[in-house]
Amino acid sequence: MAGQPGFEASEAGAIWRFRNEGNRAFFLAHPEIYGPQFGGYDPTDVARGVAVAGNPRFWLVAGQRLYLFGRTASRDAFAADPARMLREARQRWPGLQETLAP
């Protein structure tokens, strides 16, 4: 469900909308848990060493973390083997992150 303009928060340069104040408060208390991992970049592409922005329409929760994907094929590939994808993405993320504009 889409968030409401009355329940907005700013975090990491993005505006986030929530359905209620409780959801907003949880997010602000722990954005590292409730925010998208890898800065919102598609973890399948991060695992390949490229930064492709995730799309909030293509998402998946794995290991109690939110991941955004650029396309359904990436989400499906991630879902087929999340442990491998995350291992590869975590290895490449620090180097890839250095190439991104602040």
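**Exercise 1. Work out what share of the protein is buried, and how its chain is organised.**

Solution. Start with burial: of the 102 residues in the protein, 26% are buried, where buried stands for a relative accessible area under 20%, exposed for over 50% and partly exposed for anything in between, with a 1.4 Å probe and protein chains only. The model is a predicted one, in which local features need pLDDT of at least 70 and side-chain atom pairs count only at pLDDT 80 or more, while totals for chains, interfaces and linings use all residues. Residues are numbered from 1 along each chain as its sequence is written, and side-chain values rest on heavy atoms, with hydrogens and water left out.

Next, take the secondary structure, which comes to five helices and four strands; these are DSSP runs numbered from the N terminus, helices being H or I with at least four residues and strands being E with at least two. Along the sequence they follow the pattern β-β-α-α-α-β-β-α-α. The radius of gyration is 14 Å, close to the 13 Å that the globule rule gives for 102 residues, so the protein is as compact as a globular protein of that length; the radius is taken over C-alpha atoms, and the rule is 2.2 Å times the number of residues to the power 0.38. Finally, the C-alpha trace spans about 40 × 30 × 20 Å along its principal axes.

**Exercise 2. Find how many aromatic pairs there are, and describe the pair of Phe38 and Trp93.**

Solution. A search of the whole structure gives eight aromatic pairs, a pair being two rings of Phe, Tyr or Trp (its six-membered ring) with centres within 6.5 Å, called stacked if the planes are under 30 degrees apart, edge-to-face if over 60 and tilted for the rest. One of them joins Phe18 and Phe27, whose ring centres are 5.1 Å apart and whose planes stand at 45°, so this pair is tilted. Phe18 counts as buried at 11% relative accessibility, and Phe27 counts as buried at 4%.

Now turn to Phe38 and Trp93: their ring centres lie 5.6 Å apart with the planes at 80°, so the pair is edge-to-face. Since Phe38 lies in the loop between helix H2 (31–34) and helix H3 (43–48), and Trp93 in helix H5 (residues 82–99), the pair ties together parts that are 55 residues apart in sequence. Phe38 is buried at 10% relative accessibility, and Trp93 is buried at 13%. Both residues belong to one aromatic cluster, formed by Phe38, Tyr41, Tyr67, Phe69, Phe78 and Trp93.

**Exercise 3. Describe the largest pocket by its volume and its lining.**

Solution. The volume of the largest pocket is about 940 Å³. On a 1 Å grid over the protein atoms alone, a pocket is an open set of points with protein on both sides within 12 Å along at least five of seven lines, and lining residues have an atom within 4 Å of a point; points are joined across faces, edges and corners, and the volume is the space filled by probe spheres set on them.

Of the 27 lining residues, Trp16, Phe27, Tyr34, Pro36 and Leu66 are the closest to the centre of the largest pocket. Two or more lining residues come from each of strand E2 (14–18), helix H1 (21–29), H2, strand E3 (55–62) and strand E4 (65–69), and E2 gives the largest share, four residues. By type, the lining divides into 17 nonpolar, six polar and four charged residues, where Ala, Val, Leu, Ile, Met, Phe, Trp, Tyr, Cys and Pro count as nonpolar, Asp, Glu, Lys and Arg as charged, and the others, Gly among them, as polar.

Terms used:
On a 1 Å grid over the protein atoms alone, a cavity is a set of points where a 1.4 Å probe fits but cannot get out, and a pocket is an open set with protein on both sides within 12 Å along at least five of seven lines; lining residues have an atom within 4 Å of a point.
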